Amino acid sequence: MYDVIILGAGPAGVSASLYSASRGLKTLVIEKGNRVGGTINNVSNITHYAGYPSGESGEKLIDIWEKQLLDSGVKLVKDTVTGVSLKEEIKVVSCQENSYEGKCVIIATGTTQNIPKIKGEEKLIEKHLHNNSFKYAKNYKNAVVIGGSDGASKEAIYISKYVNHVDVLVLGDHIECVNEFSTQIKNIDNITVHLSSQLISIDGKDNIEKLNIENKTTNKNYTIENDNIGIFYYIGSSPNTDLFKELDKIKGYLKVDEHMQTSIEGVYAIGDVRVKQVRQISTAVSDGAIAAIEASKYILT
C-alpha cells in the first residue's frame, strides 16, 4: 500500500515525487518510458527554464531529474498502466506486470504528439519521419519541419546547424512563435518558411527525395526536391487520458481545481494532461508541487 501513486515521470511527475517524498509519504512512480523526463526526451535543447542554462540539451536536464528522483527515496517502476479504479477510498492501478494500491493518485501522463498523415511508401515514411531532432537530425542532408509553433521553430533552428537546408511548412498564414525564435529564423540563411502549406505525399527510393505540397490558400500543388530529406513534425498533441473514464474532462483534458484535484477526491492531475492555458516545463513543475502538497494534506487529515 502506497500513500501516493504518481503516473508518469515527466517534469510534473518528477516534481510531485520530490515534494511527496519530502513530506514522508510512501511514494510510487510508474513510468512507461525507458527514462524519466516525458516529452523532454524529444527536445533538442531547453530554453526559458529558470535555473537551467538556455541551449543545454534536454538529456542533461533528464539526468538531473533522474538522480533527484532516485535520491529522494521514492520507488520508480518502469511499466505500462493498463487500468485504474479511482472512486473508492483505496485506489487501484493495474499495470502489465503488477497491480498497486494507494491512498492518492497523481496523474501526470502527459500528451502524445499528433502524427501527420502523409501519402507515400509506408516503410519510407516510417524510417524518415521523426519527432526527435536531437537524435536524428545529423542523419540527413536536408530537412523539413512541419509546424509553426514555438516547439517547431526551436527545432528548425537546431536542425539548421546540421543540414544543408530546412524547409518549414506552416499550415496557417503566419508562424506562431515567440519573437526570439522568429527573429532567428529570419536571419538564418538555410531556413525557408512556407506559409499555408501542407505536406501531402513523399517520393523516393531508399531516402526521401521529393515532397509534394499543397498551398492551402491557392489550392495549388508544388514540389520540393532535395537529397536525403528527413521530416520532423511538431503539430500539437493529444492528452493521454483514455484510461480515466471516471474523471471529468474538457476536450480530453482532465478537469481540476486550483488544488489540482480532479472530480474524484484523492485523485489529482498535473502537467500537460490537465486543462490549462500554458503548457511549459515551469508550469508542469508548479502543478506537481501543488498536487503533492495537497495530497499530503488529504492523507494526513
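Trainee: Where is histidine 48 in the chain?
Mentor: Histidine 48 sits in the loop between strand 2 (27-31) and helix 2 (58-71). Helices (H or I, at least four residues) and strands (E, at least two) are DSSP runs, numbered from the N terminus. Histidine 48 has a positive phi of about 65°, although it is not a glycine.

Trainee: What kind of model is this, and how are residues numbered?
Mentor: This is a predicted model, in which local features need pLDDT of at least 70, side-chain atom pairs count only at pLDDT 80 or more, and totals for chains, interfaces and linings use all residues. Residues are numbered from 1 along each chain as its sequence is written, and side-chain values use heavy atoms, with hydrogens and water left out.

Trainee: What is the phi of methionine 260?
Mentor: Methionine 260 has a positive phi of about 70°, and it is not a glycine. Methionine 260 lies in the loop between strand 17 (253-254) and strand 18 (267-269).

Trainee: Buried or exposed, that methionine 260?
Mentor: Methionine 260 counts as buried because its relative accessibility is 5%. Buried means under 20% relative accessible area, exposed over 50%, and partly exposed in between (1.4 Å probe, protein chains only).

Trainee: And glutamate 265, buried or exposed?
Mentor: Glutamate 265 is exposed, because its relative accessible area is 52%. Glutamate 265 is also found in the loop between strand 17 and strand 18.

Trainee: What does glutamate 265 contact?
Mentor: Leaving aside neighbours within four places in sequence, glutamate 265 is in contact with Lys91 and Tyr298. Contact means heavy atoms within 4.5 Å. The C-alpha atoms of glutamate 265 and lysine 87 are separated by 8.0 Å, though these residues are 178 residues apart along the chain.

Trainee: Changing topic: how do helix 1 and helix 7 meet?
Mentor: The axes of helix 1 (residues 11-22) and helix 7 (residues 281-300) come within 7 Å and cross at roughly 35°. Axes are lines fitted to C-alpha atoms, for helices over the stretch in contact, and angles run from 0 to 180 degrees between N-to-C directions. The crossing of helix 1 past helix 7 is right-handed; that word applies if the near helix is turned clockwise from the far one by less than a right angle, and left-handed if anticlockwise.

Trainee: Which residues are involved?
Mentor: On helix 1, Pro11, Ala12, Ser15, Ala16, Tyr19 and Ser20 take part, and on helix 7, Ile281, Ala284, Val285, Gly288, Ala289, Ala292 and Ile293. By class, this contact of helix 1 with helix 7 has ten nonpolar, three polar and no charged residues. Ala, Val, Leu, Ile, Met, Phe, Trp, Tyr, Cys and Pro count as nonpolar, Asp, Glu, Lys and Arg as charged, and the others, Gly among them, as polar.

Trainee: What else does isoleucine 281 touch?
Mentor: Not counting residues up to four places away in sequence, isoleucine 281 touches Pro11, Ile40, Ile46, Tyr49, Leu61 and Trp65. Isoleucine 281 is buried because its relative accessible area is 13%. From isoleucine 281 to isoleucine 40, 241 residues apart along the chain, the C-alpha atoms are separated by 8.7 Å.

Trainee: Where is valine 144, and what does valine 144 touch?
Mentor: Valine 144 lies in strand 9 (residues 142-146). Beyond residues up to four places away in sequence, valine 144 touches Asp167, Leu169, Leu211, Ile229, Gly230, Ile231 and Phe232. Valine 144 is buried, because its relative accessible area is 1%. Valine 144 and phenylalanine 232 are 88 residues apart in sequence and 6.1 Å apart in space, C-alpha to C-alpha.

Trainee: And where is valine 163?
Mentor: Valine 163 is in the loop between helix 5 (150-159) and strand 10 (165-169). Valine 163 counts as buried because its relative accessibility is 7%.
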